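These are my notebook entries on one chain, written as I looked up each point in turn. The structure is placed here for reference.

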Amino acid sequence: MALTSKNIETLIVLCRKGNQLAQLEVYNRYQKAMYNTAFRIVKNSAEAEDIMQESFITAFTKLDSFKGNASFGSWLKRIVINKSIGEYHKSKRFVSVSEKEIENEVEDDFSISSEDITNTKVKLVLKCMDDLHDNYRQILTLHFIEGFDYEEICEILNISYANCRTLIYRAKESLRTKLKVSV
């Protein structure tokens with residue numbers, strides 16, 4: 001039986017019955033997107049991979065709690081985001097960086113060829129986002145990159161709607177300021 005041609009609902013039913021081949025197929029379909037989601041939050045490849053794998057384990061063990069109100073992918077992404085934010089807060093650390101390392105990094109960042117202006121602008125925006133305060137970076141990532149609306153962000157970050165709107169507004173303003181300085 002070829003599972004690669006099955007739709008996700010059929011695979012979920014098989015996963016609930018403990019079919020490991022179905023679990024592998026679900027993993028193969030979603031692992032890249034879930035890794036990218038985790039990486040954008042924790043900014044560490046090894047941690048993102050661990051979070052992604054732990055999220056799949058959690059998803060498969062708690063598959064009975066998946067009600068189908070949202071797509072499986074968005075349910076899984078919520079698990080990844082929650083684990084990523086939790087891990088980020090747990091391992092939050094400050095690292096001392098020398099001026100020479102900063103200069104080398106800046107030189108590396110601007111050694112982009114002029115063949116793709118759009119790609120350069122995206123990289124600049126992402127670089128400026130990395131320089132934002134952690135709360136601002138996280139909320140903009142959830143809103144613009146992950147595509148969550150205000151209500152979903154409120155639920156994920158456990159904040160009020162008004163606080164969410166204010167944080168997004170301030171984060172956008174901070175990003176605009178950094179972009180003006182960088183350009």
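**Entry 1: the end of α8.** In this predicted model, I looked up the residue that follows α8 and found N158. The phi of N158 is positive, near 55°.

**Entry 2: the buried side of α8.** I then turned to helix α8 itself, which covers residues 150-157. I noted I153, C154 and I156 as buried. Viewed down the axis of α8, its buried residues fall within an arc of 165°, so they line one face of the helix. I also looked up their packing partners: the buried residues of α8 pack against α4 (72-90), α7 (134-145) and α9 (161-182).

Entry 3: I found E146 in the loop between α7 and α8. Is E146 buried or exposed? I recorded a relative accessible area of 9% for E146; because buried means under 20%, E146 counts as buried. The side chain of E146 makes a polar contact with the side chain of K77, at 3.0 Å. Not counting residues up to four places away in sequence, E146 touches T37, R40, K77, I81 and T141.

**Entry 4: the largest nonpolar core.** I looked up the largest nonpolar core and recorded 43 residues in it. V26, Y30 and F72 have the most contacts inside this core. Several helices supply at least two residues each, among them α1 (8-16), α2 (20-42) and α8. I noted that α4 gives the most, with eight residues.

**Entry 5: F72.** Which residues is F72 in contact with, leaving aside its neighbours within four places in sequence? I listed I8, I12, V26, Y30, L63 and F66.

Conventions
Residues are numbered from 1 along each chain as its sequence is written. This is a predicted model: local features need pLDDT of at least 70, side-chain atom pairs count only at pLDDT 80 or more; totals for chains, interfaces and linings use all residues. Side-chain values use heavy atoms; hydrogens and water are left out. Buried means under 20% relative accessible area, exposed over 50%, partly exposed in between (1.4 Å probe, protein chains only). Helices (H or I, at least four residues) and strands (E, at least two) are DSSP runs, numbered from the N terminus. The arc is that of the directions from the helix axis to the C-beta atoms. Contact means heavy atoms within 4.5 Å. A nonpolar core is a set of buried Ala, Val, Leu, Ile, Met, Phe, Trp, Tyr and Cys residues joined through side-chain atoms within 4.5 Å. A polar contact is a pair of N or O atoms within 3.5 Å; within protein, one must be able to donate a hydrogen and the other to accept it, and residues adjacent in sequence count only if both atoms are side-chain atoms.
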